Amino acid sequence: MALSTSSAITLNINGEKHSLPVDHRTTLLDALRERLDLTGTKKGCDQGQCGACTVLIDGRRAVSCLQLAVASEGREITTIEGVAQGDQLHPVQQAFLDLDGYQCGYCTPGQVCSAIAVIEEHAAGWPSAATTDVRPEAGVPELSADEIRERMSGNLCRCGAYVSIVQAVARAAAETQGTEAVA
């Protein structure tokens, strides 16, 4: 008896349920782009190294080229198409726009999704490799330019817009956390 290599799944993407049959080997990235026409998420290296395909899964960032679509069933997936509230841009999107945190724009959807998670991770007190004092009693570290660079290091920008990206993340973090931007 041969095992089936496909399944009908339901993905919860940007608050909407999408039912579709997929081969078990289909990545979330390919399901988003090729099956659901959600092309904001970009295919860069297809090896999990560039971050262009970053989406949020249950609020945490994930490279969708390494995530199987069948493993994403039952989870809340947010793509770049789902981060704005209607016509109101997410603070990260607005900061990228205001501070030219993009050049060609290819990496921008992944950068924005990653930055949203970075800000939430930082606010929750998660340390990074750049955090100097990781003791819980030290509290939340300052979201310095070094912290932002380290936390965003999985997202590459071929155009080299890193200075503006760091500034945009700092501004959005300050806005969402009610503090002053430090980067």
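Me: Good start! What kind of model is this?
Reply: Residues are numbered from 1 along each chain as its sequence is written, and side-chain values use heavy atoms, leaving out hydrogens and water. Local features need pLDDT of at least 70, side-chain atom pairs count only at pLDDT 80 or more, totals for chains, interfaces and linings use all residues, and the whole thing is a predicted model.

Me: How many bridges join β3 to β4?
Reply: Two strands count as paired if DSSP finds at least two bridges between them. Here β3 covers residues 54-57 and β4 covers residues 60-63, and the two run antiparallel. T54 has V63 as its bridge partner, while L56 is partnered by R61. The number of bridges joining the two strands is four.

Me: Which strands stand at the edges of the sheet?
Reply: Five strands make an open sheet with mixed pairing, in the order β2-β1-β5-β3-β4. An edge strand here has a single partner, so one of its sides is left without a neighbour in the sheet. The strands in that position are β2 (16-23) and β4.

Me: By how much are neighbouring strands turned against each other on average?
Reply: Axes are lines fitted to C-alpha atoms, for helices over the stretch in contact, and angles run from 0 to 180 degrees between N-to-C directions. For neighbouring strands of this sheet, direction is ignored.

Me: At what angle to β3 does α3 run?
Reply: Helix α3 spans 108-123. It lies across β3, β4 and β5. Its angle to β3 is about 40°.

Me: Is S64 buried or exposed?
Reply: S64 sits in the loop between β4 and β5 (76-78). It touches T27, L28, L29, T41, C53 and V55, leaving aside residues up to four places away in sequence; contact means heavy atoms within 4.5 Å. Buried means under 20% relative accessible area, exposed over 50%, and partly exposed in between, with a 1.4 Å probe and protein chains only. S64 has 0% relative accessibility and therefore counts as buried.

Me: Where on helix α2 do its buried residues fall?
Reply: In α2 (residues 91-98), V92, Q93, A95 and F96 are buried. Seen down the axis, they fall within an arc of 165°, taken from the directions from the helix axis to the C-beta atoms. They therefore line one face of the helix.

Me: What covers those residues of α2?
Reply: The crossing with α5 gives one part of the picture: V92, A95 and F96 are among the α2 residues in contact with α5, and A168, V169 and A172 are among those on the α5 side. The cover includes α3 (108-123) and α5 (162-177).

Me: Why are α2 and α5 described as they are, and which class do they fall in?
Reply: Their axes come within 8 Å and cross at roughly 140°, in a right-handed crossing. Right-handed means that the near helix is turned clockwise from the far one by less than a right angle, left-handed that it is turned anticlockwise. Angles under 35 degrees count as roughly parallel, over 145 as roughly antiparallel, 65 to 115 as roughly perpendicular and the rest as oblique. The pair α2 and α5 is therefore oblique.

Me: How far apart are the axes of α3 and α5?
Reply: These helices pack at an angle of about 50° and are therefore oblique to each other. The contact includes A115, I119 and H122 of α3 and V169 and A172 of α5. Their axes are separated by 10 Å.

Me: What is the relative accessibility of H122?
Reply: H122 lies in α3. Among its contacts beyond four places in sequence are V140, P141, L143 and R151. H122 counts as buried because its relative accessibility is 4%.

Me: Last one: how far apart in space are L156 and Q111, C-alpha to C-alpha?
Reply: L156 is in the loop between α4 (145-151) and α5, and it counts as partly exposed at 44% relative accessibility. It touches Q49, C50, C107, Q111 and Y162, not counting residues up to four places away in sequence. L156 and Q111 are 45 residues apart in sequence, yet their C-alpha separation is 8.2 Å.
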